[in-house]
Structures are given as C-alpha cells and as structure tokens.
Amino acid sequence: MDKLNALKYFCSAAETLQFRETALRLSVSPQVVTRVIAELEQHLGEQLFTRNTRNIHLTEFGAAFLPRAQQLLTDSENLFSAAKEKDEIRGIVRITVPQWNDNDHILTRLLEKCADYPELYIDWRSNDAKLNAVENQLDIGIRIGTQAEDLMIVRKICDTTDKIVASPAYLARHGTPQSLDELTDRFPASSLINANTNRPWGWPLNAEMHVFPKNIRFITDDPANELAAALAGSVAAYIPEHLCRIHLQNGELVELFPDIPRRPWQLYIYRPQRTVTSGRVLKVFDWLTEVLQEMYDKEAT
C-alpha cells in the first residue's frame with residue numbers, strides 16, 4: 001500500500017463524505033476508493049468511516065486522525081516543492097547595476113539570500129552605461145531615471161532626486177554662495193563626464209535649468225568618486241540624494257539652495273520581457289526587489 005496516496009484518498013473522502021464524489025475528484029473508480037480506504041483501515045487497525053447505503057461518516061478515531069493526516073500531506077507537499085525549487089534555482093543570473101557606493105551592501109544582502117542555492121551563479125556588472133539586454137544577455141538591471149526602456153518589466157522602488165552639496169570645511173574656506181549664479185561662476189565644483197562627448201554633464205537641475213559650473217576642479221564618471229571629492233572639501237557637487245543622504249544627516253555635507261526645484265527620478269529594478277523567464281531569474285528578481293525596498297523605500301524622498 002502506498003501510504004501517502006492512501007492518506008490523500010482518506011482526506012478527500014473525509015471532505016466529500018461520499019466515495020463516489022471522491023472517485024470523481026481523484027479520477028478513479030469508486031471501487032478503488034473503497035479498496036484503498038479498507039486497506040488503510042486494516043493497516044491502522046481502526047475504522048475510519050461508518051457506512052450506509054448513501055453516505056459515510058467519520059468515526060471518532062477517523063475525526064482524530066484527520067488533522068494529522070492533513071498536516072502530513074501539507075508537509076510532504078512543502079518538502080517536494082522546496083526540492084523542486086532548489087532544482088530550478090541553478091545556473092547564472094546576469095545583473096547590471098549603476099556605479100554607487102551602496103553596491104557592496106546590496107550585493108552582500110543578495111548573496112545572503114542566494115546562500116541556500118549552491119548551483120546559482122551571479123554575474124554582477126557595475127556600469128553606468130545603458131547596456132543592451134539582448135547583446136549582453138542581461139537578466140536583471142537596476143537603474144535611476146525618468147522611465148524604463150520599452151519591453152521591460154519594471155518594479156519601482158522609490159522616488160529620488162539630486163542635491164547640491166558642499167562640506168562645512170569647503171564653506172569655511174570659500175564662504176557660502178548667496179546665489180546659484182555665484183556658486184556656478186566662481187566656486188570650485190565637480191561634474192560627471194558625458195561618456196559620449198567626453199565633456200562635463202553639468203548640473204541638470206530641472207526641465208528649465210541645466211547649469212554648467214565655470215570653475216570645475218574635479219571630473220569623473222563615477223558619482224561615488226564625486227561624493228568623495230565633496231566630502232574631502234575640494235568641490236561643491238551635484239549628488240544623487242540616495243548617495244549623500246547619510247552624510248547630510250550626520251553633518252558631513254550641507255545642502256545648498258534646497259528651494260530650487262529638482263528633476264524627480266525613479267529608482268527601479270527591471271528585467272526584459274521574455275516568452276519564458278527561468279525560475280532562477282524570477283527568484284533573484286524578487287530577492288533583489290526586497291533588498292532595495294529594505295534599503296530605500298522606507299527612506300524615499
């Protein structure tokens with residue numbers, strides 16, 4: 001006798017209280033149901049049902065046995081589901097992320113979630129360039145922007161923006177600018193570099209205002225390096241809020257001209273739309289969403 005299968009017959013019969021209905025549910029004949037229940041009763045040494053010509057009823061022993069049988073079936077389903085999931089969560093998942101100083105923490109938290117899946121491999125690329133998902137075989141991406149590319153499945157994490165910041169030491173050395181024009185005309189500043197033109201991006205404050213500091217003393221392709229230059233007191237900088245938030249809170253940086261409207265950005269995670277997406281990609285996509293929400297969503301601006 002297949003004991004696990006017999007328990008399925010018993011639990012179904014306990015729900016329907018009709019062998020014929022149980023047979024229909026299990027796609028077998030009523031005679032098979034009757035035989036399996038009889039074999040189970042013989043094995044247990046107790047009667048599970050009382051029977052008459054129309055209906056069946058649980059005996060006192062059957063009623064006490066039912067919750068234990070249901071729990072065993074649930075546990076077995078969970079066990080086999082977990083084994084199936086582990087079998088599916090194997091292979092490589094390619095992820096692209098921007099260059100920022102939170103990457104170490106994001107990656108650490110993600111790898112902690114991957115620890116129970118030794119056959120799962122992560123290909124982690126830190127790159128601010130927009131990589132082609134097809135050409136680079138990308139599975140998942142994290143991006144900050146106004147909108148995602150077409151043919152992408154997107155989960156928004158939070159809204160964010162950029163801030164003009166300087167250190168207290170910088171302000172003590174150069175003074176506090178009284179206007180944005182004064183800041184951009186003569187104060188030492190930094191800028192990200194436009195990789196396409198090899199020229200400074202400037203500071204795109206909003207749709208009507210894109211300023212270019214005239215006294216650029218530091219240029220880089222990495223916002224984390226720009227943050228380091230601002231913390232060192234070398235320059236005033238235009239920094240993503242999620243990078244400089246903690247430094248503003250602890251007084252290492254001061255925000256300048258907060259009343260000037262800033263262009264809003266979205267932090268989002270995305271994956272390409274595909275006819276079939278593997279279980280490992282879906283699982284890592286969910287894990288990475290959880291990590292980002294834990295880090296940023298509760299502190300969204």
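Here is a short walk through the structure above, from its strands to its helices and cysteines. The model is predicted, so local features need pLDDT of at least 70 and side-chain atom pairs count only at pLDDT 80 or more, while totals for chains, interfaces and linings use all residues. Residues are numbered from 1 along each chain as its sequence is written, and side-chain values use heavy atoms, with hydrogens and water left out.

Let us begin with strand β5, residues 140-145. Helices (H or I, at least four residues) and strands (E, at least two) are DSSP runs, numbered from the N terminus. Five of the six residues of β5 are buried; buried means under 20% relative accessible area, exposed over 50%, and partly exposed in between, with a 1.4 Å probe and protein chains only. Which strands pair with β5? Strand β3 (residues 91-97) pairs with β5 in the parallel sense over two bridges, and isoleucine 95 stands opposite isoleucine 140 there. Strand β15 (residues 265-272) pairs with β5 in the antiparallel sense over five bridges, with glutamine 266 as the bridge partner of glycine 145. Two strands count as paired if DSSP finds at least two bridges between them.

Next comes an open sheet of three strands, in the order β13-β7-β14, with antiparallel pairing. β13 and β14 (254-256) stand at the edges with a single partner strand each, so one side of each has no neighbour in the sheet. On average, neighbouring strands of this sheet are turned by 55 degrees against each other, direction ignored. Strand β7 (residues 162-166) and β13 are joined in the antiparallel sense over four bridges, and lysine 163 has isoleucine 239 in β13 as its bridge partner. Helix α9 packs on the sheet, touching β7, β13 and β14, and its direction makes about 105 degrees with that of β13. Axes are lines fitted to C-alpha atoms, for helices over the stretch in contact, and angles run from 0 to 180 degrees between N-to-C directions.

Histidine 242 lies in α9. Is histidine 242 buried or exposed? With a relative accessible area of 8%, histidine 242 is buried. Leaving aside neighbours within four places in sequence, histidine 242 is in contact with Trp100, Asp102, Ile144, Thr160 and Tyr296, where contact means heavy atoms within 4.5 Å.

Helix α8 (residues 223-231) has Pro223, Ala224, Glu226, Leu227, Ala229 and Ala230 as its buried residues. Those residues pack against β8 (189-194), β12 (216-220), β13 (237-240) and α9 (241-249). At the start of α8, a side-chain oxygen of aspartate 222 comes to within 2.9 Å of the backbone nitrogen of alanine 224. After α8 comes glycine 233, with a positive phi near 85 degrees.

Another helix pair is α2 (residues 19-26) and α3 (residues 30-44), whose axes come within 8 Å and cross at roughly 105 degrees. The two helices are therefore roughly perpendicular. The contact is made by Phe19, Arg20, Thr22 and Ala23 of α2 with Pro30, Val33, Thr34 and Ile37 of α3. As for the wording, angles under 35 degrees count as roughly parallel, over 145 as roughly antiparallel, 65 to 115 as roughly perpendicular and the rest as oblique.

Finally, the cysteines. A disulfide is a covalent bond between the sulfur atoms of two cysteines. The search of the whole structure finds zero disulfides, counted as pairs of cysteine sulfur atoms within 2.5 Å. Cysteine 244 is buried at 0% relative accessible area, and its closest cysteine sulfur, in cysteine 158, is 13 Å away, too far for a bond. Cysteine 11, at 10% relative accessibility, counts as buried.

Terms used: Polar contact = N/O pair within 3.5 Å; in protein donor to acceptor, adjacent residues only side chain to side chain.
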